[in-house]
Amino acid sequence: MSVPRMHEAASPLQICRIMRPDDANIVGNVHGGIILKMIEEAGCIVSTRHCNTQEGDRCLAVLARVEKTEFLSPMFIGEVAHVTADITYTSTHSLEVQVKVVAENILTGAKKLSNKAALWYVPCSLKNVDKIMEVPPIKYASAEQEEEGRKRYDAQKLERLETKARIEEVVPPQPNSEDSPKEQHTVGFSQSSLIHLVGPSDCTLHDYVHGGVTMKLMDEVAGIVAARHCNTNIVTASVDAINFHRKIKKGCVLTVTGRLTFVSNKSMEIEVIVDATSLVEAEKGKYRAVSAFFTFISLDKGNKPLPVPVLKIEGEDEQRRFEEGNARYLQRKAKRMAAQGRPQ
């Protein structure tokens with residue numbers, strides 16, 4: 001039996017870019033979707049490089065899942081984003097990339113940690129996109145490091161299976177202008193959708209959409225929902241796991257829909273789903289491609305958190321989603337307190 005040859009993980013990759021006015025909202029905060037797109041680009045490059053260090057078909061690393069992404073501090077126009085991506089675990093057919101984003105004020109030299117994320121990629125053959133290649137195993141600094149990575153791998157695998165149960169849930173359409181107007185601060189009032197045709201510039205060498213492009217659209221929709229609910233400046237605070245259920249090909253029409261599920265005193269949880277329909281292969285119908293939960297906060301002119309208007313619940317389905325969102329909120333809060341070493 002041949003023993004797989006261990007590979008040194010690709011050197012950590014860093015990409016840098018100055019934030020421009022078109023990267024930000026009207027008050028100068030860089031959109032979370034821009035940062036998510038840069039995170040995914042760095043992850044794709046470092047994982048694709050690693051997967052092509054072995055013999056055989058050339059391949060491209062495709063995004064399968066993004067773990068919780070934290071937005072630790074806002075980034076502004078004129079700051080430089082330093083995005084560092086490092087491979088931290090490999091399984092037979094997937095690899096984990098951890099990414100950090102540091103914002104630098106090039107006028108003062110001040111730096112701050114802006115974002116942290118973990119992404120999972122799978123390598124697809126350039127000859128046959130449905131063929132998943134094996135991932136070259138990496139060398140670990142210690143057995144403990146490998147074991148911690150294996151635990152993260154098992155946890156995300158279990159969560160992906162649990163997510164499948166709800167991905168086909170139908171989202172009610174937005175009300176027509178002829179319908180009676182929705183009451184402010186209800187789910188229906190702020191629910192929003194974007195329609196996007198996937199073009200060549202959105203796609204990889206396989207003609208499948210970049211994960212970062214999809215995440216940027218999702219953040220835009222979530223931002224519209226949050227702004228409609230609060231009518232204030234809003235920013236992305238965090239993103240729960242983003243699950244990429246099925247590939248999206250060039251020529252597909254994406255319907256990206258966001259709706260409020262839960263509101264606390266100072267945060268909003270917004271469910272965002274992406275449905276895809278092929279213009280070329282219309283007989284295949286619409287399918288659920290991506291799903292995630294975004295958390296937004298409302299800010300005043302000094303970038304201080306503002307109270308969020310109470311969400312008015314209508315019906316059993318909204319009540320159920322609100323209670324599920326509350327459970328996720330309490331879980332996130334408990335994890336945050338534990339990480340800070342504070343009693344709950």
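Modeller: Happy to; let me start with D219, which counts as buried because its relative accessibility is 4% (buried means under 20% relative accessible area, exposed over 50% and partly exposed in between, using a 1.4 Å probe and protein chains only). Please keep in mind that this is a predicted model, in which local features need pLDDT of at least 70 and side-chain atom pairs count only at pLDDT 80 or more, while totals for chains, interfaces and linings use all residues. Residues are numbered from 1 along each chain as its sequence is written, and side-chain values use heavy atoms, with hydrogens and water left out.

D219 sits in helix α4, residues 211-230 (helices, H or I of at least four residues, and strands, E of at least two, are DSSP runs numbered from the N terminus). Beyond residues up to four places away in sequence, D219 touches H31, G32, G33, L36, T236, F294 and F296, where contact means heavy atoms within 4.5 Å.

Why pick D219? In an unreviewed UniProt entry, the annotation "active site" covers N25 and D219. Although the two are spread over 195 residues of sequence, they cluster in space, with a largest C-alpha distance of 12.5 Å. UniProt positions are given in the numbering used here, feature names are shortened, and annotations may be inferred rather than shown by experiment.

N25 counts as buried because its relative accessible area is 19%. Leaving out residues up to four places away in sequence, N25 touches H31, N233 and I234; H31 is also among the residues that D219 touches. A polar atom of the N25 side chain lies 3.1 Å from the backbone nitrogen of V27. That is a polar contact: a pair of N or O atoms within 3.5 Å, where within protein one must be able to donate a hydrogen and the other to accept it, and residues adjacent in sequence count only if both atoms are side-chain atoms.

The loops on either side of α4 deserve a look too. In the loop between β7 (192-197) and α4, D207 has a phi near 70 degrees, a positive value in a residue other than glycine. N231, in the loop between α4 and β8 (233-239), likewise has a positive phi, near 60 degrees. Most residues other than glycine have a negative phi. D207 is partly exposed, at 30% relative accessibility, whereas N231 is exposed, at 67%.

Now for the rest of the chain. The protein has five helices and 12 strands, and 48% of its 344 residues count as buried. Among contacts between residues at least 6 apart in sequence, 74% join residues at least 24 apart.

Helix α5 (315-339) has 25 residues and reaches 36 Å from its first C-alpha to its last, close to the 36 Å expected at 1.5 Å a residue; the expected span is 1.5 Å times one less than the number of residues. Its buried residues are E318, R321, G325, R328, R332 and M337, and what covers them includes α3 (187-190), β10 (252-263), β11 (268-278) and β12 (287-299). An α-helix has 3.6 residues a turn, so residues three or four places apart point the same way.

Helix α5 also gives the largest share of the lining of the largest pocket, eight residues. The volume of that pocket is about 1,700 Å³, and of the 50 residues that line it, the closest to its centre are K68, E70, S238, D240 and R332. On a 1 Å grid over the protein atoms alone, a pocket is an open set of points where a 1.4 Å probe fits, with protein on both sides within 12 Å along at least five of seven lines, and lining residues have an atom within 4 Å of a point. Grid points are joined across faces, edges and corners, and a volume is the space filled by probe spheres set on the points.

S114 counts as buried because its relative accessible area is 1%, and a polar contact of 2.6 Å joins its side chain to that of N115.
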